[in-house]
Amino acid sequence: MEQVSKATEWGWELNSQTSWWDWKVKELWEYRNLWLRLIRKDFLLNYQQTLLGPLWILFQPILTLVTYILVFNKLIGISTGNVPPVLFYLIGIALWTFFSESFIAISFTFIHYERIFQKVYFPRLIIPLSILSANVIRLLLQLSLLTIITVGYWLLYRNPVMMNSWMLALPIAILLIGVNGLSTGLLFAVLTAHYRDLTNVASIGIRLMMFVTPVIYPMAVVPERFRQVAALNPLSPLFEVCRFALFGEGTFTPTQLAYSLFVTLLLFVGSMMLFHKRVDKLMDVI
Amino acid sequence: MSETIIQIENVSKYYRLGTIGTGSFRQDLQRWWTTRVRRREDSFFGDNTPLPSSSAILALDDVSFDIRQGEVWGLVGANGAGKSTLLKIISRITRPSQGVIRGKGTISSLLEVGTGFHMELTGRENIYISGNMLGMSKADIQHKFDEIVAFSGIERFIDTPAKRYSSGMYMRLAFAVAAHLEPDILIVDEVLAVGDASFQKKCLGKMQEVAQDKGRTILFVSHNMQAVNNLCQKSVWLEHGRVRELGETRTVVTNFLATYQQNTLQKTWDTPENAPGNQQVRFRSIELIPESDDPQRLINVTTPLRVSFSIWNFEPETWINASLQLYTNLGECVFELPTASLYCAKGVLEGACTIPGHFLNDGVYYLSIRILKDASSVLFDFQQCLSFEVEDYRENTAWFGKWPGVIRPTFPFAWRQVATETAHSL
């Protein structure tokens with residue numbers, strides 16, 4: 001759309017052709033104010049008129065944590081290896097919440113923002129990006145809570161510090177989890193705009209997905225013969241890398257990591273292509 | 001001559017009829033089968049010259065025109081003529097199905113009042129988020145923030161959530177943001193149709209100011225022809241998605257109104273058999289003639305209207321008179337005007353009168369004519385035999401709100417100063 005034709009000095013041109021590859025990066029940058037504003041709006045809307053405000057970002061995982069420990073650890077007795085269950089579940093919950101909340105919110109982009117999209121133009125990718133960014137901030141807050149608790153464990157129980165050089169890979173693993181959330185979210189956003197019944201598929205899918213991702217169990221407890229199948233999930237090695245970086249325990253191979261990286265990039269490029277090819281045409285469909 | 005800033009070239013837009021976006025998976029499969037497998041032309045989604053089929057409507061059909069910098073264009077047309085679709089395409093919300101639009105400079109589109117506003121957020125937050133969405137930078141908004149708040153007149157409530165605002169306050173704040181946009185090209189759709197008269201006045205005043213003082217290019221859609229006439233130099237008249245006429249606003253709007261006025265100005269019946277009436281009287285003709293020099297015979301508030309009619313009288317030797325009643329479209333009677341009684345024989349009778357100009361207000365009116373015997377018993381009441389619409393007409397005014405009242409007479413109204421205040425008098 002932003003093509004400058006050579007013959008004349010037109011600034012922009014609008015026609016029926018949409019491109020797979022024109023991701024309008026420059027335009028996104030021009031709308032960075034809106035991006036920041038939308039992140040702010042996300043937090044204001046979620047915590048305005050609540051008693052505890054942004055503290056909910058921390059209470060939510062803590063409440064989930066208590067439930068998971070009671071059910072999965074005490075009742076069912078899933079081993080968390082040498083990692084204290086509190087720490088084990090907390091990182092799992094934080095990462096999973098990050099992925100699933102990003103995915104769900106992004107997949108509703110067109111449904112929730114339809115009215116605004118019909119009235120004003122801005123690069124539509126701003127919405128998914130601001131959703132993802134807000135969830136990154138939540139994740140960072142939860143990770144700082146995790147750090148505090150880890151320090152607490154070290155002080156109280158003399159828990160050995162198992163952090164290691166894989167810490168350097170932690171931001172990359174988190175980034176890749178985020179990219180997975182964005183990509184799958186974008187795919188479903190385009191698909192659900194066409195077929196609303198896919199919103200049900202998305203919400204059931206994400207619930208089932210949690211059980212094939214090492215959130216409540218370590219890959220180590222998965223029987224050998226299922227491990228190859230479980231490794232098909234590109235999120236699995238990423239979750240394991242995060243646990244390994246923090247607690248020195250996790251099961252992954254370089255091949256799995258390479259596979260995960262490859263699938264993530266493939267998903268990202270594919271979803272971005274589909275999104276940009278379809279986004280303007282969707283305005284006539286939603 | 002200033003340079004062309006928007007060039008619209010052979011733009012068409014198709015919409016698929018029926019189940020748009022309701023998960024028509026079967027249709028999509030069918031389309032995939034015809035286009036990808038059998039290599040046929042796509043009827044709707046294809047990128048390459050889609051052809052309108054029975055399942056698609058043509059919202060815009062080969063529209064072309066150029067807009068030069070600093071021009072204010074009006075877009076007129078009946079409902080469903082494609083005005084909003086065209087604005088949506090120029091605003092980049094949707095793509096044309098065919099054709100191309102080229103342009104330069106930034107565009108802001110006001111297709112509604114309060115784009116991006118959220119009820120839960122405070123006025124301050126809403127100014128920022130709406131401003132950003134409409135294309136203002138943070139620095140722009142900070143720079144104009146006080147001005148925006150002052151324009152909206154809700155200083156005291158700026159940190160209150162918008163949900164506690166009255167609808168008037170909400171509207172004022174939303175418009176205040178819009179009024180401070182400074183794009184190269186401004187696109188405005190019917191946003192002025194909302195709000196009360198004083199709000200509309202403020203909006204139009206601001207529009208006029210922006211258009212005149214700052215040399216901005218504006219594309220404006222409104223059903224208020226008075227506003228279009230006063231604000232826009234050029235106009236496009238769209239009809240069924242096509243450009244019907246394009247040029248100077250005054251000409252375009254006049255022609256548009258002449259076509260769309262709901263006027264039934266003439267009825268004639270050749271024989272008494274099919275004419276309205278009964279055994280006693282039947283109508284032969286009835287006609288309303290706008291007495292203006294205008295060849296379009298457009299009726300506005302200044303136009304005198306000559307009503308003439310003729311009847312067949314079948315009553316032998318009796319006193320007959322006619323009475324003309326004028327109703328507003330809400331059914332209120334504006335006046336009843338009887339003729340004198342005439343002692344007449346069987347044959348044709350004729351009546352005529354002139355409703356003066358500068359008498360009726362703008363709006364739709366109906367005429368009824370009654371024929372009476374002995375000035376008391378009704379022989380025939382021909383209800384709503386003619387209807388006509390009177391257009392507003394004002395010159396050199398900044399106020400475009402609806403003129404109140406059933407009639408708008410102009411009779412002498414004395415107004416003078418009887419004393420002046422000096423140092424010692426009073």
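Two strands pair if DSSP finds at least two bridges between them. The model described here is predicted.

**Sheet in chain B**

In chain B, strand S6 (residues 185–189) and strand S7 (residues 217–221) pair in the parallel sense over 5 bridges. Within this pairing, Val188(B) stands opposite Phe220(B) of S7(B). Both strands belong to an open sheet of 6 strands with mixed pairing, in the order S5-S6-S7-S3-S8-S9 (chain B). Strand S5 (107–110) and strand S9 (242–248) of chain B are the edge strands, each pairing on one side only. On average, neighbouring strands of the sheet are turned by 15 degrees against each other, direction ignored. Helix H2 (residues 83–90) of chain B packs on the sheet and touches strand S3 (72–76), S5, S6, S7 and strand S8 (234–239) of chain B. The direction of this helix makes about 150 degrees with that of S6(B).

**Interface of chain A and chain B**

| Item | Value |
|---|---|
| Residues in contact | 43 of chain A, 53 of chain B |
| Area buried between chain A and chain B | about 4500 Å² |
| Share of that area from carbon and sulfur atoms | 54% |
| Salt bridges between chain A and chain B | 8 salt bridges |
| Polar contacts across the interface, both residues at pLDDT 80 or more | 15 residue pairs |

Glu9(A) forms a salt bridge with Lys104(B), with the closest N and O atoms 4.0 Å apart. Strand S1 (12–14), helix H2 (32–47), helix H5 (109–117), helix H7 (170–194) and helix H11 (254–282) of chain A each supply at least two residues of the side that touches chain B. H2(A) gives the largest share of that side, 8 residues. By class, the side of chain A that touches chain B has 18 nonpolar, 10 polar and 15 charged residues.

Strand pairing also crosses between the chains: S1(A) and strand S4 (residues 98–103) of chain B run antiparallel and are joined by 3 bridges. Trp12(A) has Gly103(B) as its bridge partner in S4(B).

Note on methods:
Residues numbered from 1 in each chain as written. Chains lettered and ligands numbered in written order. Predicted model: local features only at pLDDT ≥ 70, side-chain atom pairs only at ≥ 80, totals over all residues. Heavy atoms only, no water. Helix = DSSP H or I, 4+ residues; strand = E, 2+ residues; numbered from the N terminus. Axes fitted to C-alpha atoms, helices over the stretch in contact; angles between N-to-C directions. Contact = heavy atoms within 4.5 Å. Buried area = accessible area lost by both parts, 1.4 Å probe. Salt bridge = Lys/Arg side-chain N within 4 Å of Asp/Glu carboxyl O. Polar contact = N/O pair within 3.5 Å; in protein donor to acceptor, adjacent residues only side chain to side chain. Nonpolar A, V, L, I, M, F, W, Y, C, P; charged D, E, K, R; others polar.
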